[in-house]
Amino acid sequence: MRVREKGDRGVVQSVVLFLGVSVLSGALAAGLAIPFAGLAGFTTQKTNETLKDLPQQFDEVPQKQKSTILAADGSVIATLAEQNRVPVKLSAVAPIMQKAIVAIEDDRFYEHGALDLKGTLRALLQNKSSGGIQQGGSSITQQYVKVSLVEKAKTPDEVAEATADTYQRKVAELRYAIAVEKQYSKNEILEKYLNLANFGDGAWGIQAAAQHYFSVNASQLTLPQAALLAGLVKNPTGYDPTNDMKRAKDRRDVVVKRMLELKVISVAQANSALKTPVIDPAKVRPNKLGCANGPYPFYCEYIVSQLEANPAFGKTKVDRENFLKTAGLTVRTSLDPKIQKAAQHSIDIHSKPTDSAIAAITIVEPGTGLVKAMVQSKPYGGKKNQTSYNFNVEKSYPGGYGGFQNGSTMKAFTIAAAIQKGIPLNYQIVSPSPIDLGGKKWTTCDGHVTAEQGWSPQNSTKNVADPTMVEAAQKSTNTYFIQLSEQTGLCAISKIATSLGMVDAQTGQPLGQYPSMTLGVGLVTPLQLSSAYAAFAARGMYCTPWLVTSIKNAAGKSVGSPGANCKQALAPEVADGVNAVLHQVMEQGGTGQHLKFGNSDLAGKTGTIQENKAVWFAGYSSKLAAASVVADASLPYRNLINQTLNGDKMSDASGSGTAGPLWMTALQGALQGTATTHFTAPSDKTMRGNVKDLPFVNGMNPDDAANKLRQAGFQVELAPGTVDSEETAGTVAYTTPRQRDGAPEGSKVTIYISNGSKQNQPGQPTNTAQPPGTKPPGAPTTINPNCPPWNPKYPKCGGRGR
C-alpha cells in the first residue's frame, strides 16, 4: 500500500476544487450524468454536510469469490457463485490489457488524483454541446468506488441506494475516491478495479472474463482481446459478443482506435486488431454455475444442502447460502469418479430415462461411511422424463424423495437381533405357508403389539418345512423370520436398525414396531440401506454417511467440517454371524446366487414390497456396500409388473431379478482391479449360539412335556392340529427347535402333537425313546468345527439333518 507524499494534492484541496467546479458547472458532482436542471435545491451547504458525514477512510469490500466443489480426485463437480470471479494480481494481467482499460476509461489515470478535472470539464462541454450524455467524467478510482459500494450492498434497498442517480451519492463517491487515492497506489487501484468489474455474460473480474470469452488466462490476452474486454465494462450486456457480435465489434474497434489516438499502439497493430474476429465461439467457455450445470447434479445438491446446514457458515440459512457463494471455498467430497462411472454404467445398461419405473443406486465404503457414488435413472431437470427429486436420499433434504419400503432387506436386522440374543445359525423353525398368526403378540420397546385376527402371512418362495436361519435367509422365508422376530422381540430389531441409521426417511423417526416389521416397514433410501449394510461389512462399525471430507477457505486454511463419524453399533462377532448368513444368500441355492461375481466374499439380501411397488437388492464385500432399488415413484403407486424398465414391460419384478442386476453391474465395476477380500469367519460360539439343553419330551403327554420345558426355563406353545409322526397319537411328536439343537434360555419352544400316522408302518422301525440321530438327554451338544452349520455344502453338519 502506498500513501501519497506530502506534496501530493491533499484532501482539502481536492474538495475545494470539487466544490468550486460543482458551482461553476452545475453537474460535475453527478459525473455529468445529470442535466443542469437537476441541481435545483442542491446547495453548496448540502454538499458540505454530505462531505462532513463521510468517513475519511474507504473500507475495502471483500471480493466475492466463487466456491468450488471437488470430487475425491480433485476434479470439479460444481462452481457456486453469485459472480464468476477469480482474483489475480496486476502482474498476472497482460500489459496490453492494462493499457486498453486505461485508454478507454481514464487515459489520464496516472496523472490526476481522485478527480480528473480536465477530463471532467472536457466531458461536460461535449455533453452540453450534444444535448445528451456522450462522455462520462468518472475516473477509474471513482468507478472502483461505485462498483465496490454495489458489491457491499446486501439487500435490494441497499443496492438501490448504491446506484441512485442523486447528487448525494455522487458526492459520496467522490469523497470515497479521495480516501482511496490516499490509501492505495495507482497500480493497486487498477488491480482492484480489474478484479471487481463486470465483463458481461456472468464473468466478473478480468481473469474470469479472459477464460470465459477466449479460454486463456488474463496474462495471455492479445490486443484485440484486451480491447474487447476493455470496451465491455461500459455496458456489459449491450456489448456482450455472445449477445450481439456486430455491436461488440463496433465497441472493440472504438477502443482500438482510441489506443491508436493515444499512441499506445502502432498503426500496424491497430489495423491487424481491427481485422481480427471478435471471438471464436468454439473457445467460449460457458459459465456453468451451480449444481444443475455440473456432471453430478443430484449428488452436488445433496452436498450443498449439508453445507447450508453447517452453523460455521452463518447464523441463518440465508447467511450460509451467501457465504457459500462468495467465500471462495474449496470443498472436497467423497465422490469417486471411477466408482460413480461404474454405477452410472449400470443405470445406463439396465434402465432408460423414459421408463415408467425409476432405478437408483448408492455405493458406500465400509468403515468410513464415505459415499462413493449416487446415481439414478431419471436425469436432473424440469423437462419430460427429468426430475428434481433425488431418489437416493431422505426427505429432510429439500430435493430428497424420501425413500421406499425396503421389503425383506429388513430381515438382516432380525438376523442381527437373533445372533445378538444367542440364537444359533442353525436354529430351525417350522415355517408353513401360509401361517395363521392372528392374535399373536410381539414385544416392543413400549410393551407389546398384537397381530390382527386373520393375519396369515405366506412365503413367496419354496423352502424346506423347518429351515435353519441360513436356509430361511437363502430363500427369504417370510414365515420363518416373522416367527423369529417374535422370539427376538421387535424392540431389539428396532434398536439395531436405528443404531445403523435405519429411520423413516420421510419423518426421521424410528421405524414402526409392527408384527410385519421384519418384512419391511416405513420408508428408507438407498443411502440409508447401503450405509447400514456397510456396518455389517465393517464388522459392526457403523459410520454415518460422509460426503464432505474437507473445506478450505480462499487462503487455503481449513474451516469447520465434520470428519468421519463412526461407532461400534454391533459386536464384531454379531456382524460376523450376519455376514456368514447373508454370504450364503449369494451361494448355490440362495436368491442372490446369480448375482455372484469375482473371488471376493459377497453378502446380500433381496427385498420386495407388497404388490411389487418396489424391489431392492442390498449387498456388499469388505470394501464396498451398495443398495439398488427399482420402484414406482409416481402417484398413484402401482405394481411394477407391466411397467417399463430399460424400455421393456416387466412381466416379473423381484429383488434378485430386477434390482439385483443393477447392483451387480455397479459393484462389479466399482471393485474391478481391487484385491480379493474375505469376511471374518464367525466363531464357534456365534454359530452354536448361547443355547442350553432342551429336555427330551418326544412321546410324552403334551401337558407334562410343557411343564417340563417351563421348568427348564423355556416358554411353551402348542402348535395347532397334528403332524405325521411315529409317536403315539396325541403325544409329543417333536419340538421346534429340536431337542438335539438346544435353545437360548427363555426362548419359545413349540410342541407338535403326533397323529400316529407313521407308527409301526411296515419297513419302519418301531418308536424308540428318541428319534434316530437325536442325542440322549443331558448329552453335550457338539458341532464339528470343520463342518460349519451355516455352510449348505454340509447339510448334515451340526445336527441339521432331518
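The protein chain has a mean pLDDT of 86, and 85% of its residues reach 70 or more; pLDDT is the predictor's confidence in each residue, from 0 to 100. Over residues 1–43 the pLDDT is below 50, and beyond near neighbours in sequence this stretch has 84 contacts in the model, a contact being heavy atoms within 4.5 Å. Residues 762–802 also stay under 50, with 72 contacts beyond four places in sequence. This is a predicted model, in which local features need pLDDT of at least 70 and side-chain atom pairs count only at pLDDT 80 or more, while totals for chains, interfaces and linings use all residues. Residues are numbered from 1 along each chain as its sequence is written, and side-chain values use heavy atoms, with hydrogens and water left out.

Let's start with a sheet. Here 4 strands form an open sheet in the order β2-β1-β3-β9, with mixed pairing. Its edge strands, each pairing on one side only, are β2 (76–80) and β9 (548–552). From one strand to the next, the twist averages 15°. A word on terms: helices (H or I, at least four residues) and strands (E, at least two) are DSSP runs, numbered from the N terminus, and two strands pair if DSSP finds at least two bridges between them. Axes are lines fitted to C-alpha atoms, for helices over the stretch in contact, and angles run from 0 to 180 degrees between N-to-C directions. Within this sheet, β1 (residues 67–70) and β3 (residues 330–333) pair in the parallel sense over 3 bridges, and T68 stands opposite T330 in β3.

Next comes helix α15 (residues 337–350). At the start of α15, a side-chain oxygen of D336 comes within 2.9 Å of the backbone nitrogen of K338. Which residues of α15 are buried? They are P337, I339, Q340, A342, A343, S346 and I347, where buried means under 20% relative accessible area, exposed over 50%, and partly exposed in between (1.4 Å probe, protein chains only). An α-helix has 3.6 residues a turn, so residues three or four places apart point the same way. The buried residues of α15 pack against β4 (358–364), β5 (371–376) and α22 (655–671).

Two of those partners, β4 and β5, lead us to another sheet. This open sheet of 5 strands has the order β5-β4-β13-β12-β11, with antiparallel pairing. Its edge strands are β5 and β11, each pairing on one side only. Neighbouring strands are turned by 10° against each other on average, direction ignored. Strands β11 and β12 run antiparallel and are joined by 6 bridges, with T608 opposite V615 in β12. Helix α21 (residues 572–585) lies across β11 and β12, running at about 70° to β11.

The loops have some details too. In the loop between β11 (603–608) and β12 (614–620) sits E611, which has a positive phi of about 60° although it is not a glycine. At 49% relative accessibility, E611 is partly exposed. The peptide bond from L635 to P636 is cis, with omega near -10°, and P636 is found in the loop between β13 (625–631) and β14 (644–645).

Conventions: Polar contact = N/O pair within 3.5 Å; in protein donor to acceptor, adjacent residues only side chain to side chain.
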